[in-house]
Amino acid sequence: MFRPYLQLLRPQQWVKNGFVFVGVLFSHSWGQPDLLRAALLAFAAFSLAASSIYVGNDYMDREQDRLHPRKRRRPLAAGTVQPGAALALGLACAVAGLALAASVSGPLFLVIAAYLGLNLGYSLGWKHVPVLDVSIIAAGFMLRILAGTKGIGIVPSYWLLLCGLMVTLFLGFAKRRAELNALEDEAGSHRKVLNDYDTVLLDQLIAICAAATIVSYSLYTVSAETVALHGTRYLVYTVPFVVYGIFRYLFLLHRRGGGGDPTTEILDPHLLVTGALWLAAVVWLLA
């Protein structure tokens, strides 16, 4: 009986909150128990806050989700969870996330509150504004990085913030492209903003963001600040993993009908191996 409620929280989406650990990884803080504990609590707080947003979005979009070939199986769209119970669950997650963040630090509380406020605006109307809709999603990932840096006392790298912004814009526009592919003429009925997008525009935006992701990460690896911080000039050798990952994602989007859900796409064997090799190379170089 609890399975529909667990599905409503979308725990599989919590992998996105892994952005919280970027600061710990690239600041050499993994050997500091207090910072690592704070990062884990920030991850948990963000997961609770994100689940509250998923519940709210499903509540608002339950009628449109019934028109989607995959989303119609979501608990609210399918009728396995009542709207009132869903709202109570979402509110409880939001309060718990804020309380947990406040127990870590004031800045983390503000970051979580900003995330909730931003997504509330998204649910109430900003999601219908083309480009702004994807920009808000990308801003949510920036807040995740800030939660794992300023929120726990680590000075954030602006290069990493730029890389995070570019890659999340890339994933966001790729998701819109996948939705157009999947829904075709009924796309606007499911998501109103899709009426303002077309494949030509989205392909251009995706190409720009893909190129910007590769360039910004490449510049980060060779910047004087990065070399001085990490004491190595060899992070540039991790760039091929990023390039291959971007290219593979584009292949899945255009040739395999993928791109609709990044948390599903990362299960692609090529992306899994590439991600593991990238992480192993980064840890080895920074250790």
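**Figure 1. Helix α8, from end to end.** Helix α8 covers residues 132–147, 16 residues in total, and its first and last C-alpha atoms lie 22 Å apart, close to the 22 Å expected at 1.5 Å a residue. The expected span of a helix is 1.5 Å times one less than its number of residues. Helices here are DSSP runs of H or I with at least four residues, numbered from the N terminus. This is a predicted model, in which local features need pLDDT of at least 70, side-chain atom pairs count only at pLDDT 80 or more, and totals for chains, interfaces and linings use all residues. Residues are numbered from 1 along each chain as its sequence is written, and side-chain values use heavy atoms, with hydrogens and water left out. Which residues of α8 are buried? They are D133, V134, I136, A138, G140, F141, M142, L143, R144, I145 and A147. Buried means under 20% relative accessible area, exposed means over 50%, and partly exposed is in between (1.4 Å probe, protein chains only).

**Figure 2. Helix α3 beside helix α8.** Two packed helices are described by the angle between their axes and the distance between the axes. For α3 and α8, the axes come within 10 Å and cross at roughly 160°. The two helices are therefore roughly antiparallel to each other. Axes are lines fitted to C-alpha atoms, for helices over the stretch in contact, and angles run from 0 to 180 degrees between N-to-C directions. Angles under 35 degrees count as roughly parallel, over 145 as roughly antiparallel, 65 to 115 as roughly perpendicular and the rest as oblique. The crossing of α3 and α8 is right-handed, a word used if the near helix is turned clockwise from the far one by less than a right angle (left-handed if anticlockwise). Look for A42, F46, A50 and Y54 of α3 meeting G140, L143, R144 and A147 of α8; contact means heavy atoms within 4.5 Å. By class, this contact has six nonpolar, one polar and one charged residues. Ala, Val, Leu, Ile, Met, Phe, Trp, Tyr, Cys and Pro count as nonpolar, Asp, Glu, Lys and Arg as charged, and the others, Gly among them, as polar.

**Figure 3. Helix α3 beside helix α7.** Now find α3 (residues 33–60) and α7 (residues 106–124), which pack at an angle of about 15° with their axes 10 Å apart. That makes α3 roughly parallel to α7. The crossing of this pair is right-handed. Among the residues in the contact are A45, A49 and I53 of α3, and I112, Y115 and L116 of α7. The contact of α3 with α7 divides into 14 nonpolar, four polar and no charged residues.

**Figure 4. Two residues with a positive phi.** Most residues other than glycine have a negative phi. R10, which is not a glycine, has a positive phi of about 50°. R10 lies in the loop between α1 (3–9) and α2 (22–26), and is buried at 11% relative accessible area. V131, also not a glycine, has a positive phi near 75°. V131 sits in the loop between α7 and α8 and is partly exposed, at 38%.

Figure 5. R177 belongs to helix α9 (residues 158–183). Is R177 buried or exposed? R177 is buried, with a relative accessible area of 10%. Leaving aside neighbours within four places in sequence, R177 is in contact with T199, L202, D203, I206, L253 and H254.
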